[in-house]
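Here are my notes on this one, as numbered points. Have the model open while you read.

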Amino acid sequence: MNATCTPSTCSPSTRSAPSVGVTENLQKPVYTVAGNDDVYEVRVQLPGVAKGGVKIDLEDNVLSIRGERQSTVPEGWKPLHRELSTLGYQLRLRLNTPVDEDKLTANLENGVLTLKLPVKEAAKPRRIEVQ
């Protein structure tokens, strides 16, 4: 279960990410990070968030993902019982490896946001031949 947090406490990195000045309550989404020498993949669960509700920013090596949910209660109705959270999501990850921002891709399908972060050529491991 996700804990409710503010943006300053959602950062999984050991170093604090810069503040974005947001004061409302947000949930930290569940996520995984995998990768190899060429690309990193970040998968973030954002149930109830439409494509238009996702905002992704990359600034100063901090990847910020924000998801806003829309109310599912039709106008004029009032909820009689509610267990579904309406809080939005925010995840901030500090990147330790430079990524190629121009080749970054994002896809939202079935409530899972998948980001592909290609590693910059200069940051990839390389072998130097002895002459």
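1. Among contacts in the protein chain (heavy atoms within 4.5 Å) between residues at least 6 apart in sequence, 60% join residues at least 24 apart. Keep in mind that this is a predicted model, where local features need pLDDT of at least 70, side-chain atom pairs count only at pLDDT 80 or more, and totals for chains, interfaces and linings use all residues. Residues are numbered from 1 along each chain as its sequence is written, and side-chain values use heavy atoms, with hydrogens and water left out.

2. On secondary structure, the protein chain has 1 helix and 9 strands, and along the sequence the pattern reads β-α-β-β-β-β-β-β-β-β. These are DSSP runs numbered from the N terminus: helices are H or I with at least four residues, strands are E with at least two.

3. Now the open sheet: 4 strands make it up, in the order β3-β4-β9-β8, with antiparallel pairing. Pairing here requires that DSSP finds at least two bridges between two strands. β3 (31–35) and β8 (105–109) are at the edges with a single partner strand each, so one side of each has no neighbour in the sheet. From one strand to the next, the twist averages 15°; the axes are lines fitted to C-alpha atoms, and angles run from 0 to 180 degrees between N-to-C directions.

4. A34 has its bridge partner in β4, namely E41.

5. E41 turns up again in a salt bridge (a side-chain nitrogen of Lys or Arg within 4 Å of a carboxyl oxygen of Asp or Glu): its side chain meets that of K116 at 2.6 Å, N to O. K116 sits in strand β9 and E41 in strand β4, so this pair ties together parts 75 residues apart in sequence. Both ends are partly exposed, K116 with a relative accessible area of 35% and E41 at 23%. For reference, buried means under 20% relative accessible area, exposed over 50%, and partly exposed in between (1.4 Å probe, protein chains only).

6. The structure holds 4 salt bridges. Among them is K55 with D57, at 3.9 Å from N to O; D57 is partly exposed at 37%. Another is E68 with R66, where the closest N and O atoms are 2.7 Å apart. In that pair R66 is buried at 18%, whereas E68 is partly exposed at 31%.

7. Next, the hairpin. β5 (residues 54–59) and β6 pair in the antiparallel sense over 6 bridges, and E59 has V62 of β6 as a bridge partner. The hairpin leaves 2 residues between the strands, and D60 in the turn has a positive phi of about 50°.

8. What sits in the largest nonpolar core? It has 16 residues, and V44, L46, I65 and L113 have the most contacts inside it. Such a core is a set of buried Ala, Val, Leu, Ile, Met, Phe, Trp, Tyr and Cys residues joined through side-chain atoms within 4.5 Å. β4, β6 (62–67), β7 (88–94) and β9 (112–118) each give two or more residues to this core. Leaving aside residues up to four places away in sequence, L113 touches, among others, V42, V44, L46, V54, I56, I65, A106 and L108.

9. Finally, the overall surface. Of the 131 residues of the protein chain, 31% count as buried. The chain exposes about 9,400 Å², with carbon and sulfur atoms supplying 47% of it; these areas come from the Shrake-Rupley method with a 1.4 Å probe.
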